[in-house]
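Here is a short briefing to read alongside your structure. Keep the 3D view open and click through the residues as they come up.

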Amino acid sequence: DLNNKLIRKFSNHDTLYKIPDNNVSPYWLRTQGILSDKKGSHRITWDMHYEPLNEPASFPIAAIYKNTAPRTTSHWVMPGKYSVNLIADGKVLSKPLTIKKDPRVKTSIAGLQLQHDMSMQCYETKIKSTEIIKEIKEYRQQLLMKIKETQSSDAEALKLLIRESEQMESENKENNFTKVKNSFSSLLRIIEDNDNPPTAQAVKAVTEARSQYQKLVLLWNKLKVKK
């Protein structure tokens, strides 16, 4: 974007996403493509969304024969000016790109900006929640290793820390990072479901989810220094 922040990248080193084991017949699915490094002219399509999240693919019920793409896990970019950079053989070629608002959309730029900003909060906080869940799993593995090497009196204290870390991650508990991450997934889909500004209820829900996330971060920061 104009702030030189990377929005989306494609590489010839990308891999195809895995088709989940479910009842989706292959003839519904859009053919996957990877940026080619062969000589000649090539075409790749950008759907004007931010970088998709590394999640198992799922598909909408509204399928199109041979052209059904996975559900998006990121949000639309705003209308505006961007740049496209092609990096090949150590050289960088750059061209400007302007994304225009769909003329059928009557929502003001301010309304679309609010939608974008709320979606960005959901998107970024979901990424952070995923990273913390990974940290918690690694923290628990470290404690399990310590239990094998420590005295029985200290082992009980370590087991207590393991239980506390499980409560911060396990979806069976009331407040945990997994539930918060899932909440932001749902809110992102709701906000991006149309071209209107988010409703007051959606804004309130995002605010409450972020508050819950911040409280969990404080608890996690206190817990992870105990080993």
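In this predicted model, lysine 126 pairs with glutamate 55 in a salt bridge whose closest N and O atoms are 2.5 Å apart. Is each partner buried or exposed, or something in between? Lysine 126 counts as buried because its relative accessibility is 6%, while glutamate 55, at 31%, counts as partly exposed.

**Other salt bridges**

- The count of salt bridges comes to 8.
- Lysine 137 and glutamate 169 also meet through their side chains, at 2.3 Å from N to O.
- Because lysine 137 sits in helix 1 and glutamate 169 in helix 2, this pair ties together parts that are 32 residues apart in sequence.
- Lysine 137 has a relative accessible area of 42%, so this residue is partly exposed.
- Glutamate 169 is buried, with a relative accessible area of 10%.
- Shared partners join Arg8, Lys9 and Glu51 into one network of salt bridges.
- Arginine 8 and glutamate 51 both lie in the segment before strand 1 (80-88), yet they are 43 residues apart.
- Arginine 8 counts as partly exposed at 25% relative accessibility, and glutamate 51 counts as partly exposed at 22%.

- Where does glutamate 192 lie? Look in the loop between helix 3 and helix 4.
- Side chains of opposite charge can pair when their charged atoms come close.
- Glutamate 192 is buried yet has no salt bridge.
- The nearest side chain of opposite charge to glutamate 192 belongs to arginine 189, 12 Å away.
- Beyond its neighbours within four places in sequence, glutamate 192 is in contact with His75, Trp76, Gln115 and Ser119.

**Proline 198 in the loop between helix 3 and helix 4**

- Proline 198 lies in the loop between helix 3 and helix 4, and at 13% relative accessibility this proline counts as buried.
- Proline 198 and leucine 114 are 84 residues apart in sequence, but their C-alpha atoms are 7.3 Å apart in space.
- Setting aside neighbours within four places in sequence, the contacts of proline 198 are Leu114, Gln115, Met118, Ile191 and Val203.

**The nonpolar cores**

- The largest nonpolar core has 25 residues, and the members that touch the most others are Cys122, Ile132, Met168, Phe177, Tyr213 and Trp220.
- At least two residues of this core come from each of helix 1 (109-149), helix 2 (152-169), helix 3 (177-191) and helix 4 (200-223).
- Which helix supplies the largest share of this core? Helix 4 does, with 8 residues.
- A second, separate core holds 10 residues, among them Val77, Met78, Tyr82 and Met120.
- Isoleucine 132, leaving aside neighbours within four places in sequence, is in contact with Phe177, Tyr213, Val217 and Trp220.

**Helix 4**

- Helix 4 has 24 residues and spans 35 Å from its first C-alpha to its last, close to the 34 Å expected at 1.5 Å a residue.
- The buried residues in helix 4 are Ala202, Val206, Ala209, Tyr213, Leu216, Val217, Trp220 and Leu223.
- For reading such a list, recall that an α-helix has 3.6 residues a turn, so residues three or four places apart point the same way.

**The whole chain**

- The protein chain has 4 helices and 2 strands, in the order β-β-α-α-α-α from the N terminus.
- Its radius of gyration is 22 Å, whereas a compact globule of 227 residues would have one near 17 Å.
- Along the principal axes, the C-alpha atoms of the protein chain fill a box of roughly 65 × 45 × 40 Å.
- Of the 227 residues in the protein chain, 27% are buried.
- Among contacts in the protein chain with a separation of 6 or more, 66% are between residues 24 or more positions apart.

Key. Residues numbered from 1 in each chain as written. Predicted model: local features only at pLDDT ≥ 70, side-chain atom pairs only at ≥ 80, totals over all residues. Heavy atoms only, no water. Core = buried A, V, L, I, M, F, W, Y, C linked by side-chain atoms within 4.5 Å. Buried < 20%, exposed > 50% of the residue type's maximum accessible area, 1.4 Å probe, protein only. Contact = heavy atoms within 4.5 Å. Lys, Arg positive; Asp, Glu negative; His and termini not counted. Salt bridge = Lys/Arg side-chain N within 4 Å of Asp/Glu carboxyl O. Expected span 1.5 Å × (residues − 1). Rg over C-alpha atoms; globule rule 2.2 N^0.38 Å.
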